[in-house]
Amino acid sequence: MEEKLTREEVLHVARLARIQLSEEEIEKYQVELKKLLKDVEKINDVKGYDDDILIACWDGNTELRKDEEGEMLDPKQVVENAPHHAGNYIEVPVVIGESEGA
Amino acid sequence: MKYLNKSITEIHELLKNKTITPVDLVEEAFENIEKNKELNAYITLNKEEALKEAKELEGKEVDNLLFGLPIAVKDNIITKGLRTTCGSHILENFVPIYNATVVEKIKAKHMIIIGKTNMDEFAMGSSSRTSYFGAPRNPWNKDKICGGSSGGSAATIAARDVLFAIGSDTGGSIRQPASYTGIVGMKPTYGRISRYGLVAFASSLDQMGPMTKNVYENAVLLNALVGKDEKDLTSARREEEDFTRFIGKDIKGMKIAVPNFLMGDIVSKEVKEKIKDTIQLLEKSGATVDYVDIKYLENAMTLYQIIAMGEASSNLARFDGIRYGFQAENIKNIEEMYLETRGQGFGEEVKRRIMVGSYLLSGENAKVYYNKALSIRDDMRKEFKKVFEKYDLIIGPTTVTTAYDLTDPMDDPRKSFMDDVLVIPVNMAGLPGMNIPVGFDNKHMPIGMQIIGNSFEEAKIYQLGSFIEKSLNLELTPGGEK
Amino acid sequence: MANYIPTIGVEVHVELKTKTKIFSNSKNGYGQMANSLTNVVDLGYPGTLPTLNEEVVNLAIRAATILNCKIRHEMFFDRKNYFYPDNPKNYQITQARTPIGYDGYVEIEINGEKKKVEIEEMHIEEDTCKSAHRGTKTFLDFNRAGVPLIEIVTKPCMTSSQEAKAYLEKLKELLFYGDISDCKMEEGSMRADANVSIRKSEKDPFGTKAEIKNIGSISNVGLSIEKEIERQAALYDKGETFQPQTRRFDDKLQDTVLMRVKETGNDYRYFPEPDIPFVIITEEMIEEAKKGIPMLPDERRKIYVEKGVLEINANKLIQNRPLSDFFNTLLNENINFKTASNLLLGDISAYLNKEEKEIGETTLNKERFIELVNLVDSDTLTSKNLKDILTMVMEQEKTIQDIMKDNGIENITDDGEIRKVIQEIIASNPESVEDYKNGHDRAIKFLMGQVMKETKGKANPRLAMELLTEELNN
């Protein structure tokens, strides 16, 4: 039998990624995601490396920006690119619950 | 009269002595593109604006080699006022309100953008078949893929529509299609070119680069693209240099390494033979070539899968239908807006990678996978550095086979990674790497060799590349010289 | 209700006083037209990348120094991934693993007893956009998106609402005086969350935690902690338990209400931000940041009292930053600081409050203020006369002496002239002189009043008093 993820496992990652899946897709991804996850398991076979990490693939340091104002967008431009807006605001369906962030 | 099959120096002379104008070049480019329409190399053409810009250049001083030349830009590079789709439904109607730094740079050279080239959706794929707009075709055989993700850029250069294209390379997406289409494609050192305005796939790996029909033109375009950009903290501050400066120099005494991994069983016999022939040529010309082992190379694909999918899952989170782009219709609430917009907006490959990436970063997994991959990548980079203490350059095949059929199955999710197994290590170490055509297989499909340099040593790569180009003197126009 | 020991930790977000945002060069501002302070970076447009504002790092180092934190020399940023409309990239750039400051403390005083509130860590991050909910829609204004924040997290080391309030007052004072943030809770530039749990004994493990989010004032922090302790105690008393949860303080109810029960750990999928490589914090950067720290309240208080200012007045000065800063410019002068503080907190404050001005907006500069202090101190200018000319003192550029002259406030400082008047008054008021000699204090005041009346208030009061006493005792 082909190895696959459970339905719930697929739905869990789809939920994390905010992707709606059809029934067909769920079945397909049960198999496909499993294949990829088996691939990445191979990292556990790698030995002998140290703990330093490479964040960006070069050795440079970060140059900081001077605290000086630059150009800003016209509010019109901001809202006109959005699928929905009202006046100067971008509009979305009402949000229930509070931000999880800061 | 045809001009765009001539060399850049010839065209430059013709522009200078006013035999031709940028308008002639732009018109010819669009004629070529029209003639090669079935290649499906472009998602969006910029005809009206390009002609307008060309007209505006008339009367201006022809002040640099790139002046007035048409250029094709991969559709994941942001162009103000010109639709930028990333090959995706979710950005199908997205018209940006700013320019990528590279776009500003080519405009400063008075180059003219003629269109946005076809690509795998969000650069995820190895055959450009994940494009929402259909796959581009290989000019050498229209039933074959032209590789990916910069497939459209490769196709338009191979077909000689224009001289210049820009691609992007996260895990081989410039070099691999260059190999499949017989052109020169350079992925410069990470940090060489500002990523500002390149729609991020995997931020720590992404790098844009020039795609051209020959080495010299490639180096000339790279000259124009590089430089520290205050808008990109990962762009490097380097002294200005001319990347053409070693072109034409001989290679006597050059020390070259061939990693055994790149010549292993995964590589087809035909490809391997061609690389061996080239190695012989180099040895005969006074270079020393040694086979070496580089630790962690065989792990590069795994690291790549983890890092690229992990970062992609986060980078593509911004496509939510709120501030720009596609939003699903008939949504009842905010949750549905996210789910439906992204469910309908993204294609299969992208969804698959985002979901795996989300999994890899979730809970304790980030420690087990992503952070570990960052650690091993650091060590792998150090291993490469060790090789470069002894050797000038590293070479090997760019791809394991030549371009395969467009109709080949796409049902194995690992396939798109396997196609790039030889080119991925370069991205992992942030090194520069270039494809140079070295011959053809028995069906006359191009075979490519990749040349890998130490960080910021692109000029040395061009030196070897131009030497090989000159020595082999291959006929690289599909169907022969037009 | 049984007795419980509360455990309280506080998380504070403060917006930094920079000109531009943390990761882009658009303006860091408040109260402007919606979506007028943004650029493509703030809006999370595809292809955009963050840059890092130098002043944010500078202010964060300054804050870390003030909060007695250790400062990290090599740091990076992390992405906190979650989908929410106020989060333009659907990830927030923050510091989860290498906070710029850690292991610090703030000293507070409760009923004369000193206590160190331990700081676990403080890190740099970006603010989210502002959303307003109306009916079936939510409206987004991205002006706040990308405003620089530092988040300061204490250890769960407080045991009462008084401690939490004292900590917040002290923190606010330090960050405000450090020129790090304007700390206006009503405008959201300082926001506090409190974590509250209770347990029977210190030997018990910590109780279930409730987090009260985004409390709008320090007094409400205190109130919500008290209410939360009561709520939890009532549940435990009934033998009930509850889930870890997030609550908020409801202004109308004056109580905390449930927002959501925490899922088994939010899955933020943290990973190092690849767009910002390592940031190296050099000794020079730290020195530079330290140099920028203005004199802090504790030191001000100490110096003011040493200079003779009453402790209550020292505190009042510190509560008024512009006055305290003005006062600080005088510290090297040889003046009567008590008089100076009285003037600033008395007539001058009254004027400033009435006119809704700051001292910097008046003509009263350091030089003229010193002149004023000396005139008052020597009784050359009486407090009644000062009241008459105060507006001119605050609004004209003339010397105080000139203003006095303009208004006919002269000071007779001629010994002989005053003595003559005094002798006349003594001669014509023998009863009062007698009273004085019999020890009636009021008599000398009456006589003094006569002197001032005779000289139309122009006699220098101190001199006049001296001479009067002398003459009476002859």
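**Close-up views of a predicted model**

**View 1. Domains of chain C.** In this predicted model, 67 Å separate the centres of domain 1 of chain C and domain 3 of chain C, taken over C-alpha atoms. The domain assignment places domain 1 of chain C at residues 5-285. Domain 2 of chain C covers 295-406, and domain 3 of chain C covers 415-473.

**View 2. A nine-stranded sheet in chain C.** Nine strands of chain C build an open sheet with mixed pairing. Read across, their order is 2-6-7-10-1-11-12-13-14. Which strands stand at the edges? They are strand 2 (70-71) and strand 14 (255-261) of chain C. Each has a single partner strand, so one side of each is left without a neighbour in the sheet. Inside the order, strand 7 (residues 113-126) of chain C runs antiparallel to strand 10 (residues 148-154) of chain C. Seven bridges join these two strands. In one pairing, Glu126(C) has Pro148(C) of strand 10 as its bridge partner.

**View 3. A helix across the strands.** Helix 3 (residues 218-237) of chain C lies across strands 1, 11, 12, 13 and 14 of chain C. The angle between helix 3 and strand 11 (190-199) of chain C is about 25°.

View 4. Strand 4 of chain C spans residues 78-81. Asp78(C) and Lys80(C) point one way from this strand. Arg79(C) and Asn81(C) point the other way. Are these residues buried or exposed? All are buried. Four bridges join strand 4 to strand 5 (residues 91-94) of chain C, and the two run antiparallel. Here Asp78(C) stands opposite Thr94(C). Strand 4 of chain C also pairs with strand 15 (residues 271-272) of chain C, over two bridges and in the antiparallel sense. Arg79(C) has Phe271(C) as its bridge partner in strand 15.

**View 5. Two faces of helix 15 of chain C.** Helix 15 of chain C has 13 residues, 461-473. From first C-alpha to last, helix 15 reaches 18 Å, close to the 18 Å expected at 1.5 Å a residue. Ala464(C), Leu467(C) and Leu468(C) of this helix are buried. They cover an arc of only 105° around the axis, which puts them on the same side of helix 15 of chain C. Their cover includes helix 12 (415-428) and helix 14 (441-454) of chain C. The face turned away carries the exposed residues Glu470(C) and Asn473(C).

**View 6. Where chain A touches chain B.** The contact takes 41 residues from chain A and 55 residues from chain B. Helix 1 (7-16), helix 2 (23-40) and strand 2 (89-93) of chain A each supply at least two residues of chain A's side. Helix 2 of chain A gives the largest share of that side, eight residues.

Notes
Residues numbered from 1 in each chain as written. Chains lettered and ligands numbered in written order. Predicted model: local features only at pLDDT ≥ 70, side-chain atom pairs only at ≥ 80, totals over all residues. Domains from an automatic or database assignment. Pairing = 2+ DSSP bridges. Contact = placed C-beta atoms within 7 Å. Axes fitted to C-alpha atoms, helices over the stretch in contact; angles between N-to-C directions. Expected span 1.5 Å × (residues − 1). Buried ≥ 20, exposed ≤ 12 C-beta atoms within 10 Å, placed from the backbone. Arc of directions from axis to C-beta.
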